Amino acid sequence: MDTPAPHAEPPARDDAPPPVTPAQFRDAIVAKLVYSVGKDRRHALDHDWLIATALAARDQIVERWMRATTRTYRDGRKRVYYFSLEFLIGRLLLDALSNLGLVGTAREALADLGVDFDRLRGLEPDAALGNGGLGRLAACFMDSLATLGIPAHGYGIRYDHGIFRQAMKDGWQIELPEDWLSSGNPWEFERPEVTYTIGFGGTVDAVPNADGTTRSVWRPADSVNAVAFDTPVVGWRGRHVNTLRLWSARAGHPIVLEDFNRGDHVGALADRVRLEAISRVLYPSDDTPAGHELRLRQEIFFASASLQDLLRRHKSQHGELSSLPDHVAIQLNDTHPAIAIPELMRLLVDEHGMPWDYAWRITTAVFNYTNHTLLPEALEKWSVPLLEGLLPRHMQIIYLINAHHLDALRKAGATDPKLVASLSLIEENHTRQVRMGNLAFLGSRRVNGVSALHTELMRQTVFHDFNAAFPGRVVNQTNGITFRRWLFQANPGLTHLVTEAIGPGFQDDPARIAGLAPLADDAGFRERFAATRRANKVLLARTIAERTGTSVDPEALFDAQIKRIHEYKRQLLNLLETIALYHEVRARPAHDWVPRVKIFAGKAAAGYHQAKLVIKLASDVARVVNADPALRGLLKVVFLPNYNVSLAEAIIPASDLSEQISTAGMEASGTGNMKLALNGALTIGTLDGANIEIRERVGAENVFIFGLKAAEVAARRAAGLDATAGIAASPALAEALATLEAGFFSPDDKSRYKGLVDTLRHRDWFMVCADFEAYRAAQREVAGLWRDRHGWWRRAVLNTAGMGWFSSDRTIRDYAREIWGALPADSPGSS
């Protein structure tokens, strides 16, 4: 079903291009097929039609893109630059056509040509530019920046192979290269004229100036070129278009011809392969020194290219750099781009001749930093020897920043050595390391968390001393999601139902979705709401059968935990409860069990053994449970491989229960919880991340909250991690662990899970055993409500109705007002 057309569209911009008819769009597709793809209609394959359609859609964006750029230059408005190592943008055909209001037009145009639109869009590969919530958040923010008309550039890396394509072999995850660019990318424009050189290694010389002072000159030993690839990002109704600029690494000399002619054909390409590895893969394993160095190379590569680019743009428009803070706001998405802070200092001081103190004032006025984790190991640290060898001038600058910083602290009365050590940018332990989280904090005007709890825990834990030294710098900006992708496109049936019920206003103002709340008590509306869910479940059941060979009943409760595999996200807790439920169903066959399908999806980092073991456990449990005739289909378990945006778009609209069960205090925010609740899934979760704010917005009675709170987790850890007594007090948990330990689910390797069970018994860091009984009780409450059709669907409607605040449009408005000082297009004084 198409995304519904609104009953009344807001007026178009005066400079908006005229609307395109189906006949015009059909002719544009045929022209692209012939002149860009080089095929005629008789011999065109589906992929040819996909490229032609994408190019025709892109043409509709380009004119708007040019006009938006012209307006930004004309009005002199402040630009936002979003630095992120990930942009998980997913497929773009439906996204672009939907935001342009051309889905129906494209469908009709293709039908006239005998081509099925839905078949085409299913062929488009997901852009492999991210891994999880960090990258998907960046994509949602780019959509909202364009929708709100805030001039912005996203800056990142154009990965040839992304993170990896997840395949399964005997239940184990294996990593294969992602080939999303194998047939080209019709959405991007290569800009070979926009190329910057990034240096590595070498020496730093002190060169005398005419006035007797000296200046530092970095002479890199090695360099690589960063070449720009631009993807236009069109906002809702096509009213504004921004740019996602991604950098691809290119060696300055593609081949050593002398070596090649001597017969060393492989060696002649060695330097090129080494340098261009920078943009090959997202998050290369850092288990080796070479992998660790490659990650640092990636970070300075895209940070430096992006800064050189924005400085060039600013100087060409404004003539000098002293006004940079008036026209530029840079947002660092996590610590990965934090090396940009000393790089900007290097560019301003070394390349543009700016005095140090003046350069530091500008630097700390333009940068802002979003923290996404409280895990100390996730706050990046780089060894001093690595930085000195790879980026010697940056290490000098970091030392000088730190010296000025510590001098200022001492002048302000900070004399406690422990406090000074905590606030230092350099960690002086067995190996000296640069704390990139501390550097990001010190070099930024504002530092934000991504949920109310996360922000408060930042102030109390990882940045406690910095928060005391720089009061007011830490602010909260709770994450949000774009309704365009996660409701209008992913769930057109529900979008149509909501539009019929309350009108189209929520499509432009997500807060107006609250108008659904009274309809929660309308029996007819609840039935229609449930019917849209069932239709989505039928589609997902088909996908599950195709990808796993497992048949599932759409009438069952679809219970989904879909996210990156990590111990703190506690897929293991879900699996242990699944095992306990399996034992119960077998033991009490006459009981009135609620049929349930447990749906898991997510990738484990290539080097994260414990997370990979959890995936194997999910596969082992699925194999045993799904084959047991005693269950009569009452319980099914599926693990869907290669989780990405497109798979999420299939699972989320079909899910009844949303598993948000992280150890309290460890999930920064979460956005999957928002997407699922928006589509009417009920949340079962801990008081962690944005779960707390979801509960506040949809009503405590409409979610299932269980488990220890963050403060209780901290207290329990302080008291000891041995869970033996807790396990003994829970017969269901004890039995689940015993069957795991005995090899019941792993007859081919009975000792496979012994280490996992031993860790749970004696070092329950993630509170899996501590929260088990509370989780199990909450799941019984879920089953009880599922039997009450009136109660379940009433709560589902209220979840959708309560999610307006979680639009990324609201989040970006708050960033623009409270952090960037960049006005949306509809704000007074924005033009």
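1. Leu269 lies in the loop that joins α7 (257-261) to α8 (270-276), where helices are DSSP runs of H or I with at least four residues, numbered from the N terminus. At 31% relative accessibility, Leu269 counts as partly exposed, a class that falls between buried, under 20% relative accessible area, and exposed, over 50%, with a 1.4 Å probe and protein chains only.

2. This is a predicted model, in which local features need pLDDT of at least 70 and side-chain atom pairs count only at pLDDT 80 or more, while totals for chains, interfaces and linings use all residues. Residues are numbered from 1 along each chain as its sequence is written, and side-chain values use heavy atoms, with hydrogens and water left out.

3. Leaving aside residues up to four places away in sequence, Phe301 touches, among others, Ile157, Ile198, Val224, Trp247 and Ile278, contact meaning heavy atoms within 4.5 Å.

4. Helix α6 (residues 133-147) has 15 residues and reaches 21 Å from its first C-alpha to its last, close to the 21 Å expected at 1.5 Å a residue, the expected span being 1.5 Å times one less than the number of residues. Because 14 of the 15 residues of α6 are buried, this helix is largely enclosed by the rest of the structure. Just after α6, Gly149 takes a positive phi of about 75°.

Technical notes
Helices (H or I, at least four residues) and strands (E, at least two) are DSSP runs, numbered from the N terminus.
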